[in-house]
Amino acid sequence: MSVLFESPDGLVVCHAKYLETIYSVVHKENNVIKLKPNKDLFLVKTPYMKDAEAIRKVRVCDDSCTNSQTKKRKHDKVCSEKLLESKVMLTKNGYNKLLNEAQLHNHFLFTPSLTDICENNKQARLLSEKLYRESSDWLSAPFNGENNSDDALLKKIGSEYFVFPPHSNFFCRDVLDIQHHLDSLGKFDLILLDPPWWNKYIRRKKAKCLQEGYKMMYNNCLTEIPLDKLLAHGGIIAVWCTNSKQNLEELKEKLLPFWGVKQVAQWTWMKVTLSGQPVCPFSEPPGKQPFEQLIFAVRPDEVKLFPTPPDGKIFMSVPSSIHSHKPPIFDMLKPYLPAESRCLEIFARYLLPNWTSWGLEVLKLQHASLYDQDEIPANSS
């Protein structure tokens, strides 16, 4: 549902299409509706920049492009040996190749106007700010729930509406409480984690606006999550990780061995605009990058019934305007999982059909304000 294009070089994923598919039939009280993502949720037309920079770029567009290209050639010449084998250079080359292939198949053909550049994704940014400003008062942990029906449901909890995908199960609880629910949870073929890694960017974001940050966790606290007791035979652990060298090393050398698994693959999520441009410039490490890492690990001594994910894949998509609203990965992982696989997401911020989701913000991105509603005529439901 989410994969638009696949080649030996990588995949193109559409988060918006995935959401449209799973919410094509939604029951709301006595009505049947369909939901589409809010029109501004994935409206990333241009790379993100400061507003003053966007205006300056419009005013001196031709000169700016010329100077940027000249500077880039000089930078590549000076740093080529240093960056040749780096993750940044490898990702950049793989992304360029994948983008060219995707555009040949009619993806990322949007061309931003000068007005788009000047607006600097204003509507998307406003939607994100509104969500974080208002969501802190919606719900308080702990609680849990489920939707065992074959259709999605739009339900009112307190004074707010939330959408629940079919066959979803969720726990709005601290992740360290999982150890008290091991028997009821059972075993999972895929366990996905999106930890709130400790990093400078989020510390600055929290200092500027408390609502826009999230609670960070010291890396050593992650060892308290009993993943070894939750992982089924032949199962896969997948972990979203920042580009921090420290976080990547701690994950590979400390956390994964503690959970009894070994890294087998590292994929890269490339975040792009509607035209396929990186959402921010590539930079020399440790600068901010337009990509994140997805690490896969398995138990090293188990007999595998399915192939393990190959190393080095790149997948690209237009990211949600909401911070840490990761794209769905299940469709990409089907070749490596059982047909009726059990999946668990820890530190979840939204729900998925046929998944169990656990985290203090598990319903944050299920709020009705992130969707546009259309009624379905009774005779077509």
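Colleague: How much space lies in the largest cavity?
Modeller: This is a predicted model: local features need pLDDT of at least 70, side-chain atom pairs count only at pLDDT 80 or more, and totals for chains, interfaces and linings use all residues. Numbering starts from 1 along each chain as its sequence is written, and side-chain values use heavy atoms, with hydrogens and water left out. Three cavities of 30 Å³ or more are present (sets of points on a 1 Å grid over the protein atoms alone where a 1.4 Å probe fits but cannot get out). Taking volume as the space filled by probe spheres set on the points, which are joined across faces, edges and corners, the largest cavity holds about 60 Å³.

Colleague: Which residues line the largest cavity?
Modeller: A lining residue has an atom within 4 Å of a point. For the largest cavity these are Tyr18, Leu192, Trp240, Lys326, Pro327, Pro328, Ile329, Phe330, Glu345, Tyr350, Leu352 and Trp355.

Colleague: Is Lys313 buried or exposed?
Modeller: Lys313 lies in the loop between β12 and β13 (314-317). Beyond four places in sequence, Lys313 touches residues including Glu6, Gln266, Trp267 and Tyr336 (contact: heavy atoms within 4.5 Å). With a relative accessible area of 14%, against a limit of under 20% with a 1.4 Å probe and protein chains only, Lys313 is buried.

Colleague: Which strands stand at the edges of the sheet?
Modeller: The open, mixed sheet runs β1-β2-β13-β11-β12-β10-β9-β14-β15-β8-β5 (strands are DSSP E runs of at least two residues, paired by at least two bridges). Two strands have a single partner each, so one side of each is left without a neighbour in the sheet. They are β1 (3-7) and β5 (143-147).

Colleague: What is the bridge partner of Ile191 in β10?
Modeller: Strands β9 (188-193) and β10 (231-241) run parallel and are joined by five bridges. In β10, Ile191 is paired with Ile237.

Colleague: Which residues does Met316 touch?
Modeller: Not counting residues up to four places away in sequence, Met316 touches Leu11, Val12, Val13, Tyr95, Leu98, Leu99, Phe108, Met270 and Val272.

Key: Helix = DSSP H or I, 4+ residues; strand = E, 2+ residues; numbered from the N terminus. 1 Å grid on protein atoms, 1.4 Å probe; cavity = no way out; pocket = protein on both sides within 12 Å on 5 of 7 lines; lining within 4 Å. Buried < 20%, exposed > 50% of the residue type's maximum accessible area, 1.4 Å probe, protein only.
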